[in-house]
Amino acid sequence: MSFPDPTSESAPVPPLAARLDGLLFFPVTPYGPDGGVDEEVFRAHVRQGVEAGAGAVFACCGTGEFHALSPGEFRRCVAAAVEEVAGRVPVVAGAGYGTALAVEFARLAEEAGADGLLVLPPYLLTPSQEGLLAHYRALAAATDLDLVVYQRDNAVLTPETVVELAAVPNVIGLKDGLGDLDLMQRIVSAVRTARPDDPFRYFNGLPTAELTVPAYRGVGVRLYSSAAFCFAPEVALAFHRALDADGADGVVDAGGAGAATVTRLLDGFFRPLVELRNKRPGYAVSLVKAGVRLRGLDVGGVRPPLTEPSAAHVAELAALMEHGRGLVGAAEPTGGTGAA
């Protein structure tokens, strides 16, 4: 899908909801030897991800350790991502905590040139539906950016609440990190019934989302975030292409080369990756960073309270990455999101 150059004064930029397509890239945030954000490495990571085929860049979100960044670091990273992307794909920034801080991060992202926000759950509390609605409405009113609400942990929404959110002009979508497919089907159905002409977008936001893509596609959720794209872009892209090949559409028993590739990569790469990821809390971030380092880009470690993966688990990851490349018949790459 191609769009007009957003830097051209004569070409209006399509709305974010129309631009979000393809494989969604969630870059890590690199730290240098002094523990500070390494902006140059971050730029390289983002640049290589877009060149590898990312459909959008979600900067400073969960995989990017939003929770660990100061407001100044956050703004620098979002601005760097916007500069490196140069309008080729959308840049969406994280925002979170309580309403006041979420508004502050939203304004920083807007100043930095982001196209939209991924709104992470509020800090600590378990709010009512009325409280969540008030939080998201206040944030939406405080910024001109489009919002994607991230459902997970303490931010679990009823279908009725999502219908209310879909009526807010700059709330354009829902990313699900909960994994309750019954709830997601009811949400999709409720919004479709109440707002049949609304282009509301849905995202599979579970860790290593590829494992659950076939199930989510069954309820009409096609977009998904790919942490694996950070360190195994050829595997992530081969899987993404296979979903739509030969009518497979993510249904692994549909027959044809597309479904066969989906099955092969699920069984040989993504399921083992999930099993490795589940061996220790926090691996959804720290193992991804280890994978990027294995690809030759020194993004440093993670900030506390996250911890580094063990040497044995990093070795397992290295072997799995090599096996995954073999499954897609890829030669050893010279580029990618983690190549030096």
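Arg 271 forms a salt bridge with Glu 275, and their closest N and O atoms are 3.1 Å apart. This is a predicted model. Both residues lie in helix α10 (residues 256-277). They sit four residues apart, about one turn of the helix. Arg 271 is partly exposed, with a relative accessible area of 38%. Glu 275 is partly exposed too, at 43%.

## Salt bridges between elements

The whole structure holds 19 salt bridges. In one of them, Arg 43 pairs with Glu 84, with 2.9 Å between the closest N and O atoms. Arg 43 lies in helix α2 and Glu 84 in helix α3, so the pair ties together parts that are 41 residues apart in sequence. Both Arg 43 and Glu 84 are buried. They also belong to a network of salt bridges, whose members include Glu 39 and Arg 76.

Lys 279 and Glu 316 meet in another salt bridge, at 3.2 Å from N to O. Lys 279 is in the loop between α10 and α11 (283-294), while Glu 316 is in helix α12 (residues 311-327), so this pair joins parts 37 residues apart in sequence.

## How helices cross

The axes of α2 (residues 39-52) and α3 (residues 71-85) come within 9 Å and cross at roughly 40°. The two helices are therefore oblique to each other. Their crossing is right-handed.

Helices α5 and α6 (residues 159-166) pack at about 20°, with axes 11 Å apart. They are therefore roughly parallel. This crossing is right-handed.

## A nonpolar surface patch

Tyr 123, Leu 124 and Leu 125 form a nonpolar patch on the surface. Together they have about 400 Å² of accessible area. Leu 125 is in the loop between β4 (116-119) and α5 (129-141). Leu 125 counts as exposed because its relative accessibility is 59%, and the cut-off is over 50%.

Terms used. Residues numbered from 1 in each chain as written. Predicted model: local features only at pLDDT ≥ 70, side-chain atom pairs only at ≥ 80, totals over all residues. Heavy atoms only, no water. Patch = residues over 30% accessible without salt bridge, like charges linked within 9 Å, V, L, I, M, F, W, Y side chains within 5 Å. Areas by Shrake-Rupley, 256 points an atom, 1.4 Å probe, with all protein chains shown as cover. Salt bridge = Lys/Arg side-chain N within 4 Å of Asp/Glu carboxyl O. Buried < 20%, exposed > 50% of the residue type's maximum accessible area, 1.4 Å probe, protein only. Axes fitted to C-alpha atoms, helices over the stretch in contact; angles between N-to-C directions. Parallel < 35°, antiparallel > 145°, perpendicular 65-115°, else oblique. Left-handed = near helix turned anticlockwise from the far one by under 90°.
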